[in-house]
Protein chains: 2
Amino acid sequence: MDSLEEKTLHTEKIFSGNVIDLQVDDVELPNGEKSKREIVKHPGAVAIIPFSADGEMYLVEQFRKPLEKTIIEIPAGKMEPGEDPLVTARRELEEETGFQSDDLTYLTSFYTSPGFANELLHVYVARDLRKMEQPLAQDADEFINLVKVTPEEAEQLIEQQLIHDAKTMYAMQYWKMQLLIEENE
Amino acid sequence: MDSLEEKTLHTEKIFSGNVIDLQVDDVELPNGEKSKREIVKHPGAVAIIPFSADGEMYLVEQFRKPLEKTIIEIPAGKMEPGEDPLVTARRELEEETGFQSDDLTYLTSFYTSPGFANELLHVYVARDLRKMEQPLAQDADEFINLVKVTPEEAEQLIEQQLIHDAKTMYAMQYWKMQLLIEENE
């Protein structure tokens, strides 16, 4: 099988921001032709699926400027450079929900948009949640409402397109599968 | 419940490309403070979960420059402005796999990275695939290997991090759930 690799001929740095950087690479394609690739660099992120003791899930409601609307997601946040994703998971869970967990387990990782971005998202499952007396404060520019939902309520939020992003849809499918497996046991 | 909305005070256009545009918005936060939001604009995309008649799945192997590696994904492609996602789905399925489908059904949609991008991805399921005699050509700068996998092979590709992106992980979970439901019938 031939290599599909694209060689970088030149990188033009366009933008360096707080969350993302943007560059355009001139590349040589496998057939020797040339093309351009627009690339968003992101430090990576962590998301947490937080189950309550009574079998419900905690979600966060947040305005997302790129969508110009408020949606409901599992808690998540970006990693500091070089940070262990488990450390990010603990911090973001506490900041966004006010809970900590003694049972925070790694589930999976995926690239959110490999066509134009290198963002890698690590997903954890949190059980045995403990309410923190004085939880870590949210970031100064983050405004969040905590929401607790049953599987039926989550289903309605999907229909209403209030749950509408990849990581939360993945979490909802994971939840459904867990319930299906429990039912069959 | 208070509004979480962020008002746009000013938009600075940074970059306009073939795939994405970038802008930075100055916003007024719900508490009256000010902040900046880095926003990638994307026309939206479509992905297809293509099942073969013998219960396997077709995937495409492709070099992803933002990741600097070759990964294996469900077929996908971006929408032309104003295009019906079903039209995109038919085109991308044929271009990337050489198949058409008489049973192409809408499954779901999700934002891939709502923190910094407005990309909305529509997911379709394709069954009853027909091999096209003279399929639509791939884009000039796209180089793709078609791969057909069993559920066990897909599982191995996930472990090897060759399947490693959100839409394909979602598709794999969907496949697992379908098999679980069939088993129980």
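In which loop of chain B is P135(B) found? The first legend answers this, and the others visit further spots in this predicted model. In this model, local features need pLDDT of at least 70, side-chain atom pairs count only at pLDDT 80 or more, and totals for chains, interfaces and linings use all residues. Residues are numbered from 1 along each chain as its sequence is written, chains are lettered from A and ligands numbered from 1 in the order in which they are written, and side-chain values use heavy atoms, with hydrogens and water left out.

**View 1. P135(B) lies in the loop between β9 (120-131) and β10 (144-149) of chain B.** Strands (E, at least two residues) and helices (H or I, at least four) are DSSP runs, numbered from the N terminus. P135(B) has 34% relative accessibility, so it counts as partly exposed; that label covers values between buried (under 20% relative accessible area) and exposed (over 50%), with a 1.4 Å probe and protein chains only. Not counting residues up to four places away in sequence, P135(B) touches E94(B) and G98(B), where contact means heavy atoms within 4.5 Å. From C-alpha to C-alpha, P135(B) and G98(B) are 5.2 Å apart in space, although 37 residues separate them in sequence.

**View 2. Here is one of the eight aromatic pairs that a search of the whole structure finds over all chains.** The ring centres of Y58(A) and F99(A) are 4.7 Å apart and their planes are at 40°, so the pair is tilted. Rings of Phe, Tyr and Trp (its six-membered ring) pair if their centres lie within 6.5 Å; planes under 30 degrees apart count as stacked, over 60 as edge-to-face and the rest as tilted. The pair links distant parts of the chain, with Y58(A) in strand β5 (residues 57-64) and F99(A) in strand β8 (residues 99-111), 41 residues apart. Both Y58(A) and F99(A) are buried.

**View 3. Y106(A) and Y124(A) form an edge-to-face pair, because their planes are at 75° and their ring centres 5.6 Å apart.** Y106(A) belongs to strand β8 and Y124(A) to strand β9 (residues 120-131) of chain A, 18 residues apart. Y106(A) counts as partly exposed at 47% relative accessibility, whereas Y124(A), at 6%, counts as buried.

**View 4. The charged end of K131(A) sits over the ring of F99(A).** It is 4.7 Å from the ring centre. A charge sits over a ring if NZ of Lys or CZ of Arg is within 6 Å of the ring centre and within 35 degrees of the ring normal. In chain B, the charged end of K131(B) sits over the ring of F99(B), 4.7 Å from its centre.

**View 5. L29(A) is in the loop between β2 (21-28) and β3 (34-41) of chain A.** With 3% relative accessibility, L29(A) counts as buried. Leaving aside neighbours within four places in sequence, L29(A) is in contact with residues including E6(A) and R37(A), and also A140(B), D141(B) and F143(B).

**View 6. Helices α2 (residues 151-159) and α3 (residues 166-183) of chain B pack at an angle of about 145°, with their axes 11 Å apart.** Axes are lines fitted to C-alpha atoms, for helices over the stretch in contact, and angles run from 0 to 180 degrees between N-to-C directions. Among the residues that meet are P151(B) and I158(B) in α2(B), and M169(B) and W175(B) in α3(B).
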